[in-house]
Amino acid sequence: MSEKRFKINIRIDGRNYPLTINPDDEERYRKAAKVVNETITEYRKRFPNNDQQDIMAMTAFQAALNYCRLEGRQDYSQFIDDIKDINDDISDFLKEKDGK
């Protein structure tokens, strides 16, 4: 039996994005948007002098890096430590950029 798709609006950084999804995926989409918004907010607090393009690029990079690290991995127990390392690396990068 095929599920009917429906439309939702996902709000990221103050902008609405209409999406058509399967009902079973709604929670995942909303959670992903929340994580993106929280990451953007955190980077803006930590690096207030960086422009929006830098903040969005680093947010996208963090998400892609997390995905690549998890891809094919069987041991998820290391995930929290990996995210902390990624955050530290990104913070160092932005601090160096901000200092220039």
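Reader: What percentage of the 100 residues in the protein chain is buried?

Author: This is a predicted model, in which local features need pLDDT of at least 70 and side-chain atom pairs count only at pLDDT 80 or more, while totals for chains, interfaces and linings use all residues. Residues are numbered from 1 along each chain as its sequence is written, and side-chain values use heavy atoms, with hydrogens and water left out. Buried means under 20% relative accessible area, exposed means over 50%, and partly exposed lies in between, with a 1.4 Å probe and protein chains only. By that definition, the buried part of the 100 residues in the protein chain is 21%.

Reader: Which pattern does the protein chain follow when read along the sequence?

Author: Helices (H or I, at least four residues) and strands (E, at least two) are DSSP runs, numbered from the N terminus. On that basis the protein chain has 3 helices and 2 strands. Read along the sequence, these elements give the pattern β-β-α-α-α.

Reader: How many bridges join strand β1 to strand β2?

Author: Two strands pair if DSSP finds at least two bridges between them. Strand β1 covers residues 6-12 and strand β2 covers residues 15-21, and the two run antiparallel. The number of bridges that join β1 to β2 is 7.

Reader: Which residue in the hairpin of β1 and β2 takes a positive phi?

Author: Most residues other than glycine have a negative phi. The hairpin has 2 residues between its strands, and the residue in question lies in the loop between β1 and β2. Although not a glycine, the residue with a positive phi of about 50 degrees is D13.

Reader: Which residues are in contact with F6, leaving aside its neighbours within four places in sequence?

Author: F6 lies in strand β1 and has a relative accessible area of 27%, so it is partly exposed. Between F6 and E26, which are 20 residues apart in sequence, the C-alpha to C-alpha distance is 9.4 Å. Contact means heavy atoms within 4.5 Å, and the residues in contact with F6, leaving aside its neighbours within four places in sequence, are L19, T20, I21, N22, P23 and E26.

Reader: How far apart are the axes of helix α1 and helix α2?

Author: Two packed helices are described by the angle between their axes and the distance between the axes. Axes are lines fitted to C-alpha atoms, for helices over the stretch in contact, and angles run from 0 to 180 degrees between N-to-C directions. Helix α1 (residues 26-46) and helix α2 (residues 52-70) pack at an angle of about 130 degrees, and their axes are separated by 10 Å.

Reader: Which word describes how α1 and α2 lie to each other?

Author: Angles under 35 degrees count as roughly parallel, over 145 as roughly antiparallel, 65 to 115 as roughly perpendicular and the rest as oblique. The angle between α1 and α2 is about 130 degrees, and α1 and α2 are therefore oblique.

Reader: Which residues of α2 make the contact with α1?

Author: On the side of α1, the contact is made by V36, T39, I40, Y43 and R44. The residues of α2 that make the contact are Q52, I55, M56, M58, T59 and Q62.

Reader: Is T59 buried or exposed?

Author: T59 has its place in helix α2. Not counting residues up to four places away in sequence, T59 touches V36, T39, I40 and Y43. Its relative accessible area is 7%, so T59 is buried.

Reader: What is the relative accessible area of I86?

Author: I86 lies in helix α3 and touches Q62, L65, N66 and R69, not counting residues up to four places away in sequence. I86 and F61 are 25 residues apart in sequence, with their C-alpha atoms 9.9 Å apart in space. I86 is buried, and its relative accessible area is 1%.
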